[in-house]
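Welcome! Please open the structure in your viewer and keep the selection tool at hand.

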Amino acid sequence: MKAAWVWLVAGALAGCGGRAARWVEEAADAHAQADLLVRRGEREQASRVLEELVSRPVPAQVAAQDRRAVLQDAYARLAGLALEERRPSQALRYADAGLGLGETRDVFASSLRTLRGRAHEALGQDAEAARDYEAAQIVAEALLQEALSGGGAR
Amino acid sequence: MTSEERPPTEAEAREADLLAHALEDPARPGRDVAAVDDALGTAWLLRASKSAELSELRARAVLKRAWPGRPRWLNPTPGAMAALGAAAAVAAILSLLPRGPAKLPPPPVPLLRAQVAAARPGAQRALAPLEAEMDAHRERLYGALARAYGTRR
């Protein structure tokens, strides 16, 4: 009976993160595919791959912070690709979608602020751009100070 | 006309009748079945082979003999079955609950410097180093997530 319990518990633990693990794998694969497409100059295709990633349902087992990190990173990349394609309005939408997931003091929010600032700037919205750059600077400088003094977690 | 097609003789009919009665009512005392002894034995053997099923006790004995070291947990009691069911339900519920966050890698100094440099008006060229640093950080990010969520990589 003891062996049955050991197997049951091991199986349950192994099965707990199944869907979450698959989601993480698929997200990493999407970025690898996007890398390849960008190297080939196929930015539009790369954007489609990343759009598919952000529109995929996220398993409930994924912790909220990890979910936000993965999605904000993907949105930042989408915004960057849209800016390279000279589509600042689209870049703005991606940056807004990313920041809409919540803003904490980390590199993902800082990147999104920078990219949104760049999109505003391209659209001639200088005041909004300045606000985003300032917010990005505050976060990045605080994180830099922490990193230089040996701290920092995210 | 062959011997099989010929009608039975009186003696044969008597023996058949005797055999039928002996099979229907074997316990009747005083009956002389010596004449049909061989036929009766064959009939009993046939009947026994038709009803030759293993009783539960006999099945257990056969199983015990065939697999003497069979572990006890392969004969689960109702209590054990209920416990297994409860454990399966708990496992199913656990699998739906969100986990604690992964320990993500801290952003390295070059990435943060690139972010500070890029967050300025007109710094178009500063985006390329930021992207390169973010690509490297992404590798570390997914490495940490893979460790936390147990991917097969």
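Here is a short tour, one selection at a time.

Start with the whole view. This is a predicted model, and its scores are ipTM 0.84 and pTM 0.66.

Next, select chain A and colour it by pLDDT. The average for chain A is 90, and 86% of its residues score at least 70. Which elements of chain A have the lowest and the highest mean pLDDT? Helix H1 of chain A, residues 2–16, has the lowest at 52, while H5(A) has the highest at 98. Where pLDDT is low, the predicted coordinates should not be read in detail.

Now pick A:Arg86. You will find A:Arg86 in the loop between helix H4 (64–84) and helix H5 (88–99) of chain A.

Move on to chain B. How many helices and strands does chain B have? There are six helices and zero strands in chain B. Of the 153 residues in chain B, 14% are buried. Among the contacts in chain B between residues at least 6 apart in sequence, 30% join residues at least 24 apart.

Finish by colouring chain B by pLDDT. Its mean is 78, with 75% of the residues at 70 or more.

Technical notes:
Residues are numbered from 1 along each chain as its sequence is written. Chains are lettered from A and ligands numbered from 1 in the order in which they are written. This is a predicted model: local features need pLDDT of at least 70, side-chain atom pairs count only at pLDDT 80 or more; totals for chains, interfaces and linings use all residues. Helices (H or I, at least four residues) and strands (E, at least two) are DSSP runs, numbered from the N terminus. pLDDT is the predictor's confidence in each residue, from 0 to 100. A residue is buried if 20 or more other C-beta atoms lie within 10 Å of its own, exposed if 12 or fewer, and partly exposed in between; C-beta atoms are placed from the backbone. Two residues are in contact if their C-beta atoms, placed from the backbone, lie within 7 Å.
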